[in-house]
2 protein chains.
Amino acid sequence: MTSTAASADLISRHHDALEQALAAIRKRSYFSAFPESPSPRVYGEHAAGEGQAAFDGLLGRPFPLETAGADGSVAQERSPYGPELGVAYPRVTTDGLDELLGAARRGMGQWRDAGPALRVAVCQEVLARLHARIFELAHAVQHTSGQAFVMAFQAGGAHALDRALEALAYAYDEMTRHPASALWEKPGRGEPVRMEKTFTVVPRGVGLVVGCHTFPTWNSWPGLFASLACGNPVVVKPHPGAVLPLALTVQVARAVLTETGFDADLVSLAAEAEGEGLAADLALRPEVRLVDFTGSNAFGEWLEQHATQAVVFAEKAGVNAVVLDSTDDFAGMCANLAFSFALYTGQMCTAPQNVFVPDAGITTDQGVKRPEEVAAGIGAALDRLLGDDARAVEVLGAVVGDAVLSRLDAAPERGRVLVASRAVTHPSWPDARVRTPLLLGLSVGDDQIYAAECFGPVAYLVTTGSTAESLQTFVRTALDFGAMTASVYSTDPGVLSDARAAALDAGVALSENLTGPVFVNQSAAFSDFHGTGANPAATASFTDGAFVAPRFRTVQSRRHC
Amino acid sequence: MTSTAASADLISRHHDALEQALAAIRKRSYFSAFPESPSPRVYGEHAAGEGQAAFDGLLGRPFPLETAGADGSVAQERSPYGPELGVAYPRVTTDGLDELLGAARRGMGQWRDAGPALRVAVCQEVLARLHARIFELAHAVQHTSGQAFVMAFQAGGAHALDRALEALAYAYDEMTRHPASALWEKPGRGEPVRMEKTFTVVPRGVGLVVGCHTFPTWNSWPGLFASLACGNPVVVKPHPGAVLPLALTVQVARAVLTETGFDADLVSLAAEAEGEGLAADLALRPEVRLVDFTGSNAFGEWLEQHATQAVVFAEKAGVNAVVLDSTDDFAGMCANLAFSFALYTGQMCTAPQNVFVPDAGITTDQGVKRPEEVAAGIGAALDRLLGDDARAVEVLGAVVGDAVLSRLDAAPERGRVLVASRAVTHPSWPDARVRTPLLLGLSVGDDQIYAAECFGPVAYLVTTGSTAESLQTFVRTALDFGAMTASVYSTDPGVLSDARAAALDAGVALSENLTGPVFVNQSAAFSDFHGTGANPAATASFTDGAFVAPRFRTVQSRRHC
């Protein structure tokens with residue numbers, strides 16, 4: 001940093017927010033630092049319009065950003081709502097990696113020497129600047145991921161900022177867990193033996209962040225900011241379909257680094273054209289020592305098996321289960337499940353897929369409901385939620401890509417269609433592809449179908465012999481194929497206890513009897529752990545000690561004194 | 001545990017010791033819970049004799065221990081001091097791994113459900129029982145590793161117990177970092193949305209501990225106890241030449257587990273005959289999710305590349321550097337270095353190997369000392385330390401194996417012999433192979449020689465153009481080939497500052513101007529971090545957050561309330 005006074009000022013400016021975040025991660029109760037409502041009462045009456053204008057101003061031109069080692073540019077993003085974005089980014093290919101990674105490492109010594117407090121404050125400043133552009137970011141997330149605007153604002157903006165701050169708090173806590181120096185006095189027969197010891201946090205090397213199409217910020221920021229705060233340069237390799245939100249992120253980070261006297265290349269954007277395989281080339285580079293990845297099982301497992309010079313934090317896919325046993329609020333249950341299936345067209349790693357229900361049905365406040373009646377209840381709830389197109393699109397958003405549509409189109413032949421999917425016409429974006437969820441009927445023997453993730457708006461109602469069999473099947477599929485979430489509905493304390501035990505065995509976060517405004521897909525920063533690392537769906541959790549501790553090392557020196 | 005009262009009692013009995021250890025890891029100042037002096041004034045007048053008798057009673061017979069899946073027995077240990085130990089252990093081969101790992105996992109659910117506090121207390125009880133057998137253990141360490149008795153008592157007994165307790169403290173701290181439950185209240189327009197959340201620590205899976213020949217306890221216990229405390233069953237695969245100390249460990253652990261109502265197979269010994277490759281077979285098993293390894297670079301790197309289903313904590317080899325620039329205590333420096341070379345015949349991963357000295361010599365309190373004068377000073381110090389055979393063997397111990405002798409015998413032809421190695425006759429153990437250190441002269445261009453580790457009593461005095469070149473060479477060799485320790489001697493604050501910066505770049509712990517009773521090879525539990533994970537010599541440090549955090553996961557459940 002240019003001056004000690006400026007450093008102290010920056011640290012001091014962000015001190016209270018950091019302290020609040022530190023308190024929150026110790027309590028894991030409710031905390032949020034970034035308001036989730038896009039209301040003018042919160043953000044001011046001009047914020048929305050200015051954000052829209054700023055976003056519009058980015059379209060159809062080169063994005064103002066430099067990347068070391070880049071050659072030419074790439075512009076491939078198409079909004080799931082229809083339009084081409086036409087934003088061109090510096091294009092990185094394998095030929096440019098020496099230069100890119102050399103540049104990334106150049107400022108590492110100075111960044112290391114800045115120490116944990118200043119590094120975290122610089123990262124907090126980046127978050128503050130991103131927050132100031134939250135409407136612009138929300139449009140960028142909407143028009144890359146296909147999330148509806150309010151969801152993009154919340155999940156892609158405010159909640160992502162909270163997750164990033166949470167990661168910073170864990171990083172700070174871990175880096176300052178030991179004192180910067182200690183006096184060691186060993187008693188002996190005569191004078192004690194005295195040594196002064198110095199402990200310094202040093203980075204691991206370059207952190208690679210591989211972004212995903214559906215949650216470009218929410219899933220990338222925790223790893224990005226955790227790595228950066230721990231002293232590591234970060235190369236961000238966005239999904240070719242969702243570059244803009246991360247380009248904005250990198251732009252802001254580089255500006256703050258420059259202003260605070262650090263090397264801008266500590267954070268860089270490595271954009272590629274679809275299918276060029278840049279992430280794999282980057283992940284095997286010896287300079288890369290940390291990889292944060294969200295995406296397919298295939299590439300996640302490839303990273304775990306091949307990028308052995310790095311610590312890999314991978315969030316992959318899973319098959320999320322709902323176990324229905326009984327409920328005292330059948331309507332609430334159906335409404336809650338319907339929303340979980342519909343939210344962002346089920347394109348969430350946390351969305352439920354397999355709803356296990358006993359053949360004999362479940363006891364409810366409306367009497368016993370047999371599987372087909374449960375399906376009808378969910379269908380009716382979906383109709384209520386999505387019957388009006390204008391309202392429906394605000395829940396569903398748009399289909400992110402062709403693969404989701406193909407899977408949806410191919411799904412009906414795999415089971416009995418209990419609730420059909422329908423196409424919705426978006427009132428504002430006629431080219432947007434909008435679909436409602438499909439619910440297919442299967443039985444417990446169809447595990448070759450329901451044990452695979454069908455990412456998108458496809459859910460299975462799977463009949464079983466009993467709740468016990470439902471729980472067993474949930475555990476087996478989670479351990480074999482991964483799961484990010486699980487949900488149970490029961491009025492029986494014994495069943496709830498069994499479900500909790502099953503969730504511990506399966507290594508999956510469990511939600512019980514959600515009938516109100518909380519949904520199994522949602523994971524609240526500072527309180528819910530997103531993913532566990534305890535089953536194949538993920539190797540890490542947002543955010544805990546294991547997510548940050550391997551991102552740095554402690555190097556000591558000692559001398560007599 | 002058989003009763004809640006007994007659990008509470010066990011936790012309460014070890015509470016103060018845990019609190020002290022927790023305070024110590026936060027301060028990293030001096031702390032020790034296990035007295036390092038084998039004096040009768042500390043341990044009582046009968047302890048030494050009883051320990052000797054207990055050790056003698058183990059020899060020449062089957063070791064009283066069962067291992068699930070074992071078939072027959074194996075007895076291959078030969079003391080570096082001469083005698084065959086003749087202790088037979090259950091022999092595990094690949095055919096028995098299904099049964100072994102099945103048995104290991106059987107008690108995992110109950111062990112998980114016991115919770116962090118009880119698991120840590122059970123582990124502390126194991127340490128207390130091992131401490132009660134410290135003399136017996138010291139003999140076992142002496143007659144497998146070749147360490148002299150007092151060193152075996154200290155490094156293999158008291159200090160190893162301290163390191164194990166340190167690992168337990170970190171594990172406890174990490175597991176209890178989050179509350180067991182939290183109330184989440186999200187403010188809204190009407191009533192707040194309330195959820196009760198439960199957070200449970202769950203194990204990763206089976207922990208595999210692969211022991212080494214030279215430090216069977218000190219290097220194995222931190223990983224063993226960290227994994228076990230975090231809820232993981234542990235399979236201990238000892239070095240075929242150093243089984244007994246770990247067999248005692250496993251025996252004690254199993255007894256305590258049984259007494260406290262847990263499954264004994266949560267800890268098991270997997271002994272094999274030399275060269276059977278059991279560690280590799282175990283490390284690739286899907287049940288194994290944690291591997292703690294100390295040993296060769298070749299196998300450590302193989303583990304990192306192939307055991308990708310597990311987190312690998314590997315301590316391998318490195319080339320440790322000493323940079324000589326100037327000193328105000330030439331005699332003290334030479335004496336300190338001589339001891340570091342001689343201690344346990346240099347068979348320590350922390351022993352210095354490459355002593356870099358400028359061609360022009362170094363400024364000292366005895367005038368400028370040219371490289372050959374430095375060598376002569378070290379030679380004279382070695383003579384003083386090792387001139388008397390009876391005293392010498394208490395420093396040197398015995399050569400652990402043939403490979404060390406072969407390397408020593410082959411070394412002289414690689415450089416100029418500055419100080420020759422000599423064979424020492426052990427006054428009590430005529431068959432012990434005891435050697436003094438060899439000091440060879442090289443120049444900075446001989447990096448094909450000094451950049452490789454020559455494990456054992458071989459050090460190189462490497463002449464360079466300047467201290468700056470010495471520091472550069474130290475950094476390069478550490479980053480390319482690893483280093484566990486580094487040492488610098490200088491009276492110039494600028495050089496010391498450069499050395500600290502170099503050590504940060506190299507990711508190596510630095511000792512400055514050691515001329516007294518502290519040696520670069522020594523790493524004090526609760527204060528010094530052993531290894532850094534920041535260079536190829538190791539992927540982890542004893543002990544910090546990164547050493548424990550990946551050993552468990554947190555699984556949550558949540559419900560409205």
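In this predicted model, helix 13 of chain A, residues 330-342, packs against helix 14 of chain A, residues 371-386, at an angle of about 60°. The axes of these two helices lie 8 Å apart. Two values of this kind are given because packed helices are described by the angle between their axes and the distance between the axes. The crossing of helix 13 and helix 14 of chain A is right-handed.

Which residues of the two helices make the contact? Helix 13 of chain A contributes A:Phe330, A:Cys334, A:Ala335, A:Leu337, A:Ala338, A:Phe339 and A:Ala342. From helix 14 of chain A come A:Gly377, A:Ile378, A:Ala380, A:Ala381, A:Leu382, A:Leu385 and A:Leu386. Of the residues in this contact, 13 are nonpolar, one is polar and none is charged.

The description now turns to the domains. According to the domain assignment, chain A holds domain 1, which covers 4-316 + 541-560, and domain 2, which covers 321-512. The C-alpha centres of these two domains of chain A are 33 Å apart. Where they touch, domain 1 of chain A supplies 14 residues and domain 2 of chain A supplies 17 residues. On the side belonging to domain 1 of chain A, five of the residues are nonpolar, seven are polar and two are charged.

Finally, how is chain A laid on chain B? A turn of 180° with a shift of 0.0 Å along the axis places chain A on chain B with an RMSD of 0.0 Å. This is therefore the relation of a two-fold axis. Both copies use the same surface, and 100% of the contact residues of chain A recur in chain B.

Definitions and conventions. Residues are numbered from 1 along each chain as its sequence is written. Chains are lettered from A and ligands numbered from 1 in the order in which they are written. This is a predicted model: local features need pLDDT of at least 70, side-chain atom pairs count only at pLDDT 80 or more; totals for chains, interfaces and linings use all residues. Axes are lines fitted to C-alpha atoms, for helices over the stretch in contact, and angles run from 0 to 180 degrees between N-to-C directions. Helices (H or I, at least four residues) and strands (E, at least two) are DSSP runs, numbered from the N terminus. A crossing is left-handed if the near helix is turned anticlockwise from the far one by less than a right angle, and right-handed if clockwise. Two residues are in contact if their C-beta atoms, placed from the backbone, lie within 7 Å. Ala, Val, Leu, Ile, Met, Phe, Trp, Tyr, Cys and Pro count as nonpolar, Asp, Glu, Lys and Arg as charged, and the others, Gly among them, as polar. Domain bounds come from an automatic or database domain assignment. Copies are superposed by least squares on the C-alpha atoms of residues with pLDDT of at least 70 in both.
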